[in-house]
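Open the model in your viewer and keep the selection tool at hand.

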Amino acid sequence: MSASQTERRQGGFKLTQENIVFFIALLLFIGFSVLLPGFFDTSNLLSLVQNVAILGILGIGMGIVVIGRGIDLAMVSTMALSTAWTVALINRGFGTAEAIGLGLAFAAAVGIIMGVLVAYVEIPAIFATLAMSTVIYGFGRLALVDLDVIYLPDNAIWLRSISNSFLGVPLPVIWFSVLAIVAYLFLRFTKWGRYFYAIGDNRAAARITGIPVRPMTVIQYLISSMIAFGAGLITASLLASVNIRVAQSTMVYDVILVVVLGGIGLSGGKGGVRNILVGTILIGILLNGMTILDMPFTMQNIVKGTVLLIAIIVDSLANPRDEQTAQQGDI
Amino acid sequence: MSVSESFAKWRYRLVPDHLLGEVLSKNWIDNTIPFLFLIIVVVLFQSLIPGFLSIAGFADLGRQLGEVAFVAIGLAIVMLAGGIDLSVGSVFALANFAALAFINYLGWPLYLAIPAVAAIGALVGLINGLLVGYLRLRAFLTTLATLIIVRAVVDLLILAYARKVAMTMSDSDAWLFLGEGDFFGVPFNFILLVAVAILAHLVLSRSRYGWHILAVGGSRRSAYNAGIAVRRTICITYVISGMFAAIGGLFYAARLGSVGPDTGIGLEVTVLTAAVLGGVSLGGGRGSIFKALLGTAIVLLVTNSLIRLNMPSGATPLVLGLLLLLAVAVDIRWLKNRHKLLSRVYVSPTYFELPQRPATEAGSASPYAVNDAFHDVEAIGLGELDGPEDIIFDSKDNLYTGGRQGDIVRFLAPDYRQSEIFVHLGGFPLGLAFDAEDNLHACVAGMGVYMVTPEREIVRLSDETNRSFFSIIDDSRIRMADDLDIAADGRVFFSEATVRYGVSDWAVDALEGRGNGRIIAYDPHTRSTRTVLSGRIFPNGICMVGDGESLLFAETWACRISRFWFAGPKKGRVETVVADLPGYPDNLNKASDGRFWVALAGMRSPVFDMSLTVPSFRRRMAQRVAMDEWLYPNLNTGCVVKVSLDGTVTESLWDLGGASHPQITSVREHKGYLYLGGINNNRIGRHRLADADPSWTSQHAYWGKS
């Protein structure tokens with residue numbers, strides 16, 4: 001190791017992905033502010049934050065699963081179908097509270113089923129959740145709702161109010177902040193939160209230590225599904241409708257993008273809420289800038305895909321895996 | 001014999017329990033679950049849909065299979081190398097668009113357009129391959145990103161050119177034939193699929209590159225350490241996958257000719273379901289092209305049938321998702337529990353009843369009465385040897401023996417103090433014999449029968465015999481050659497103790513009590529190997545009688561010595577010589593007085609003898625109890641007995657304390673001395689025989705030389 005490298009390490013600044021991404025986000029922010037008219041504007045910045053709040057909320061749920069070396073590709077399906085059912089129930093005359101309770105129960109059931117599939121049946125998380133996302137969509141379309149787009153009835157005032165503004169700040173942003181703080185405290189200071197890290201870091205060691213690895217895995221998916229339901233309610237409130245086609249869109253990959261960009265390694269055990277915030281900010285700036293630039297949706301997809309690719313490449317250059325240490329079957 | 005005992009006897013004689021374990025140990029058993037599934041699917045939908053099994057339906061299915069299965073084969077190849085390729089759906093769509101653009105819009109000829117489309121697929125695959133293979137990115141995320149990017153590119157292209165492409169139509173007959181042509185009702189692309197599948201199978205199972213793929217998928221680290229170019233191997237799998245996906249898209253374009261934006265959406269989930277359902281394992285190393293095809297057929301049957309059943313929207317994704325879950329769950333569970341199941345059912349005891357045990361008490365009139373004849377036996381090579389199973393002398397009195405290190409060691413006459421490694425065989429030599437030209441023949445455990453010339457040249461004589469027609473396990477390979485002897489005509493007769501177990505677990509065969517062993521003859525004149533006698537219970541020692549047409553052989557777990565005629569008027573007959581030995585006979589050799597020395601490797605115990613008549617007890621033991629807690633035959637104390645050809649036992653020699661020779665596997669008389677070998681011993685014993693002919697050597701007795 002050369003002297004300069006040693007010095008840099010001692011200097012306290014590490015070239016972590018989180019720092020790199022934060023730096024890029026900063027650059028983009030400055031660049032857009034200078035170059036794009038109407039970007040550095042209070043109303044635009046507020047709408048930027050509001051637009052990524054949903055993505056951030058989903059990102060926190062995904063992050064909790066990823067920290068435990070899992071992945072939840074069914075999050076968006078869960079979000080869409082559980083909320084769609086809730087709204088459909090309200091339309092059918094159910095009370096708001098009852099409808100939300102049933103929707104939450106549906107999301108929880110989905111989470112538990114996924115957790116059991118991953119933890120007890122030992123299906124790799126990627127496949128269990130990928131398959132579940134199709135199952136949830138199919139089941140929901142078959143049994144829960146009969147239209148692709150369900151509109152929020154006018155009388156659901158309470159539900160509509162959760163996306164209002166409070167002192168000029170959109171409520172979704174506040175929900176995101178609250179969730180971020182709660183998730184931070186949960187991951188940092190509670191026993192379960194520490195268990196998640198231990199399981200993600202080394203599942204076998206965690207198991208030998210006596211951590212209830214399997215129940216903890218189920219709880220991770222339970223949490224992510226319930227957070228997905230919350231994100232769905234906020235979306236429904238914002239748009240006054242639920243479109244279940246979103247379950248088949250690439251939205252879940254945006255969520256992964258947020259998590260991976262922020263620097264939560266997919267091999268688990270690393271990262272935290274801060275990483276998700278950084279990832280969310282970058283994606284928010286990117287999406288907002290592209291929207292202002294009036295870039296077509298497909299072009300945006302290309303940009304997002306490329307950014308995701310670059311993020312993984314940088315991650316693999318910063319944390320190389322080699323043939324001696326790579327885990328078998330780790331795809 | 002009680003009723004229940006004779007019931008057990010007949011039940012175990014008539015029901016071939018061991019076949020279950022043998023079937024489970026076959027490699028093709030992995031295919032049975034998806035195959036049963038296919039049958040269930042066909043039967044189910046046949047009963048639900050009238051006219052399900054029609055020729056037209058099959059042709060239609062074949063045509064679709066000729067599109068989707070290409071993609072599935074590509075994905076299966078990637079998965080076999082331990083990766084995954086999600087971008088296939090987008091590549092499929094891209095190829096569909098490119099094919100239509102080239103042929104309809106640009107009017108390219110087919111010989112230009114088809115390679116161009118395949119090259120586009122290969123290019124996307126190459127990007128995946130460079131990223132995943134060389135940069136070692138995570139396959140799932142990387143191909144996910146390319147899925148999104150390529151799909152967006154396709155959308156952009158469709159936005160820009162869809163109308164122009166859709167407006168024009170190709171009038172090429174060949175293009176039409178690609179999409180709709182058939183040979184005798186079989187769609188053209190299906191025929192091509194079969195050809196490609198066979199080729200891909202041959203590459204995977206017979207070629208160097210195919211083996212590299214399987215090696216990388218089986219254990220990436222080991223493949224790397226073995227010097228395989230892991231990164232290049234992985235990269236190429238993605239190129240293949242991209243190309244195959246493009247070919248699938250090409251046929252799709254030829255059949256439908258539409259540039260719809262939803263082409264190939266969700267195809268990656270479909271083919272992934274297909275591959276996993278067919279039995280291509282996630283994480284690599286296990287699977288085949290055939291499995292991918294089987295899975296694709298199942299998935300297509302199910303989705304097509306759901307459409308024909310007019311199921312409400314949502315039913316297809318629901319069923320497909322459930323199918324994927326079920327397939328992965330079964331795959332994971334099967335992979336995890338297969339060897340457990342196999343080890344539970346493979347050991348399959350049967351009924352066997354030994355005759356009454358003769359007395360061995362000291363002072364009794366029994367010829368087996370315990371004595372201390374080997375009290376002051378000399379040791380040769382003490383501490384140098386590890387497992388001298390058999391001993392033999394050449395015509396110059398030098399002593400040869402085998403060792404666990406895979407050597408044949410020579411001790412030099414006359415005092416056998418000096419030793420040298422004669423040859424290194426690489427396997428554990430068991431039985432040894434010299435032929436008339438002083439060539440040393442050796443049975444090598446796990447390897448077969450080898451010959452070593454006096455010039456130390458090693459010649460493999462036989463490692464394969466004829467496969468039995470009705471045997472489920474492949475018994476052509478010789479796995480457990482044990483002892484041998486050479487007939488006057490030069491033929492080498494050797495025993496293979498068991499065909500169901502290998503060198504490391506041969507002792508488990510004792511629990512079965514079934515005739516799993518055989519006697520095999522190698523003919524040096526024709527260089528052919530034939531099984532001459534099968535179904536014997538652990539045949540071990542072999543010794544020529546000397547009449548040129550019969551030999552004696554010992555069956556260890558059956559505690560008996562029999563005579564087998566391999567030539568002459570009684571050819572093929574087996575007669576028992578001694579039926580009730582008190583222990584487990586190992587090697588047999590000639591004595592100077594015309595009788596035969598028999599080494600007993602261990603002594604019978606009443607408990608184990610009784611357990612042989614209660615197969616269900618032994619089965620339960622094998623299933624429930626850990627392997628090292630099983631009841632085994634006692635192999636801790638043995639002796640040497642002398643028998644004559646009519647079955648009379650004349651004497652027995654014991655090592656009472658068992659300090660020097662607890663287990664004797666071999667006994668050889670040479671010039672008035674008896675030499676003792678033991679497969680678990682660290683020495684050769686030398687015992688002076690008071691009344692033996694001091695000039696007798698087995699070399700002379702066999703070949704007339706001194």
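Start by colouring chain B by confidence: its pLDDT averages 88, and 99% of its residues score at least 70. This is a predicted model, with an ipTM of 0.81 and a pTM of 0.76.

Stay on chain B and select its domains. Domain 1 covers 57-263, while domain 2 is made of 378-465 + 475-703. The centres of these two domains of chain B, taken over C-alpha atoms, are separated by 60 Å.

Next, show both chains and select the residues where they touch. On chain B 43 residues are in contact with 41 residues of chain A. To find the chain B side, pick helix 7 (139-167), helix 11 (220-225) and helix 15 (315-346), each of which supplies at least two of its residues. This side of chain B holds 28 nonpolar, ten polar and five charged residues.

How far apart are their axes, and at what angle do the helices pack? The axes lie 8 Å apart, and the angle is about 25°. Angles under 35 degrees count as roughly parallel, so helix 3 and helix 8 of chain A are roughly parallel to each other. The crossing of helix 3 past helix 8 in chain A is left-handed.

Finally, show side chains at this contact. Helix 3 of chain A contributes residues including Val49(A), Ala53(A), Ile57(A) and Ile64(A), and helix 8 of chain A contributes residues including Pro172(A), Trp175(A), Phe176(A) and Leu179(A). By class, the residues of this contact between helix 3 and helix 8 of chain A are 13 nonpolar and two polar, with no charged ones.

Technical notes. Residues numbered from 1 in each chain as written. Chains lettered and ligands numbered in written order. Predicted model: local features only at pLDDT ≥ 70, side-chain atom pairs only at ≥ 80, totals over all residues. Axes fitted to C-alpha atoms, helices over the stretch in contact; angles between N-to-C directions. Helix = DSSP H or I, 4+ residues; strand = E, 2+ residues; numbered from the N terminus. Parallel < 35°, antiparallel > 145°, perpendicular 65-115°, else oblique. Left-handed = near helix turned anticlockwise from the far one by under 90°. Contact = placed C-beta atoms within 7 Å. Nonpolar A, V, L, I, M, F, W, Y, C, P; charged D, E, K, R; others polar. Domains from an automatic or database assignment. pLDDT = per-residue confidence, 0-100.
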